[in-house]
Amino acid sequence: MEEITAAPLARYTTLKVGGEARRLLHPCCPDELYLALDRLKDSGEPWFVLGGGSNLLVSSAGFDGAVIRLTQMRTITNPEPGVLIAEAGVRLPHLAKYAAASGLSGLEFAVGIPGTVGGAAVMNAGAHGSCFGDIIESVTVFDIETWNLLTLTKEDMCFQYRSSRIAAGEQIVVSARLRLSEAVADNIARKTQENEEYRFRTQPVGWPNAGSTFKNPDSERSAGYLLDKAGAKQFKEGNAAVSAIHANFVINLGGATSLEITSLLRRMQESVYKQFQVRLRPEWKTLGKFSPSELAIWSGTFSVCD
Ligand SMILES: Cc1cc2nc3c(=O)[nH]c(=O)nc-3n(C[C@H](O)[C@H](O)[C@H](O)COP(=O)(O)OP(=O)(O)OC[C@H]3O[C@@H](n4cnc5c(N)ncnc54)[C@H](O)[C@@H]3O)c2cc1C
């Protein structure tokens, strides 16, 4: 199994922020993943599972443990009509195009989401009115408590807006079984392309970012709308800035630190709270050490000074 010591995590996240991990492991199949977990259990070393790193803020102080990156686990099978089984590390844009080329509809929404199947199952990634939970039939996970493989049905997964029942460090998604519908290939391809083009028009493509920073607080108003109205497109902290194209996107102008990013997040959160009395909650996950005041951004317990 490929192993990199003192791995610079910024390289493995789309935001390009983060210090080093003690080691980075790249299992290429489920058996190598179980081997890695056995080794880590014996050594007692802390570990973290990484997918595409597209919804993650890593501390610039790094992570004193092992990161298991699943992007080499990328087998897709088509065991019966209308069904795809994809390993955790398969990238969504690739999977969406694979499905389109196979005449299978249901993944058109995912073409512009740069995460993996594992990350998408955990986050219930979604766009254009659809989400991963809509097409999942079941998920195979490695369960840390029982040290065994389990099959979780769609109902077991308890999908909600950008969340599922999979909690960090408790279960690892190994693969997902997706139920798609057969449709005219040209129609699927057209929809997939439209969704891809929409991204280029509405998102800061070309700048390192981690997608939407905050969850939408309710179905009436998006986080992007509230942030825009609060003037966030003007905000900048060091080398981190709010995108001028989309107020819910933070971009790394080059060499941004995690502290610059969290300072910016706090400013965004406070500006919306002051104007609308709405507490925005980050969609992103974190890895590594953050101060209590940085973590307050995630817990929603930040205080606002007038
Ligand atoms: C340009 C851009 C556009 C985006 N657009 C969207 C969008 O439209 N809709 C949307 O929902 N999201 C969007 N995102 C965010 C992101 O792509 C999704 O949340 C995606 O599902 C994250 O997957 P990942 O593999 O990158 O997860 P990571 O960022 O690697 O990890 C996220 C969390 O999932 C956990 N995890 C990852 N893999 C596994 C696994 N196999 N088992 C258990 N836990 C795991 C990690 O430990 C972490 O807690 C966008 C991001 C970018 C950069």
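This is a predicted model: local features need pLDDT of at least 70, side-chain atom pairs count only at pLDDT 80 or more; totals for chains, interfaces and linings use all residues.
Biologist: Start with the rings. How many aromatic pairs does the structure hold?
Modeller: Three. Rings of Phe, Tyr and Trp (its six-membered ring) pair if their centres lie within 6.5 Å; planes under 30 degrees apart count as stacked, over 60 as edge-to-face and the rest as tilted.

Biologist: Why is the pair of Tyr34 and Phe142 called stacked?
Modeller: The ring centres of Tyr34 and Phe142 are 5.4 Å apart and the planes sit at 25 degrees, so the pair is stacked.

Biologist: Which parts does that pair tie together?
Modeller: Tyr34 is in helix 1 (residues 30-43) and Phe142 is in strand 11 (residues 136-143), so the pair links parts 108 residues apart in sequence. Helices (H or I, at least four residues) and strands (E, at least two) are DSSP runs, numbered from the N terminus.

Biologist: Are Tyr34 and Phe142 buried or exposed?
Modeller: Both Tyr34 and Phe142 are buried. Buried means under 20% relative accessible area, exposed over 50%, partly exposed in between (1.4 Å probe, protein chains only). Phe142 has 5% relative accessibility.

Biologist: And how do Phe142 and Trp147 pair, edge-to-face or stacked?
Modeller: Edge-to-face, because the planes of Phe142 and Trp147 are at 80 degrees, with the centres 5.1 Å apart. Trp147 is partly exposed, at 24% relative accessible area. Tyr34, Phe142 and Trp147 make up one aromatic cluster.

Biologist: Which arginines lie over ring faces?
Modeller: Arg267 lies over the face of Phe235, 4.2 Å from the ring centre. Arg279 lies over the face of Tyr273, at 4.7 Å from the ring centre. A charge sits over a ring if NZ of Lys or CZ of Arg is within 6 Å of the ring centre and within 35 degrees of the ring normal.

Biologist: New topic, the ligand. Which residues come nearest?
Modeller: Val49, Gly51, Ser54, Thr116 and Gly126, out of 35 residues around the ligand. Near means that one of a residue's heavy atoms lies within 4 Å.

Biologist: How much of the ligand does the protein bury?
Modeller: The protein buries 93% of the 970 Å² that the ligand exposes when taken alone. Those areas come from the Shrake-Rupley method with a 1.4 Å probe; for residues, only the protein chains shown count as cover.

Biologist: Which element gives the most to the shell?
Modeller: Helix 3, with five residues. The elements that give two or more include helix 3 (117-123), strand 3 (47-50) and strand 13 (171-179).

Biologist: How do the shell residues divide?
Modeller: Into 16 nonpolar, 15 polar and four charged. Ala, Val, Leu, Ile, Met, Phe, Trp, Tyr, Cys and Pro count as nonpolar, Asp, Glu, Lys and Arg as charged, and the others, Gly among them, as polar.

Biologist: Now the backbone. What is the phi of Asn124?
Modeller: Positive, about 45 degrees, although Asn124 is not a glycine. Asn124 lies in the loop between helix 3 and strand 9. Asn124 is buried, at 4% relative accessible area.

Biologist: And what about Ala6?
Modeller: Ala6 also has a positive phi of about 45 degrees and is not a glycine. Ala6 is in strand 1 (residues 2-8). At 38% relative accessibility, Ala6 is partly exposed.

Biologist: Last one. Where is Thr213, and what does its side chain contact?
Modeller: Thr213 is in the loop between strand 15 and helix 7 (223-229). A polar atom of the Thr213 side chain lies 2.8 Å from the backbone oxygen of Asn248. Thr213 counts as buried, at 0% relative accessibility.

Note on methods
Residues are numbered from 1 along each chain as its sequence is written. Side-chain values use heavy atoms; hydrogens and water are left out. A polar contact is a pair of N or O atoms within 3.5 Å; within protein, one must be able to donate a hydrogen and the other to accept it, and residues adjacent in sequence count only if both atoms are side-chain atoms.
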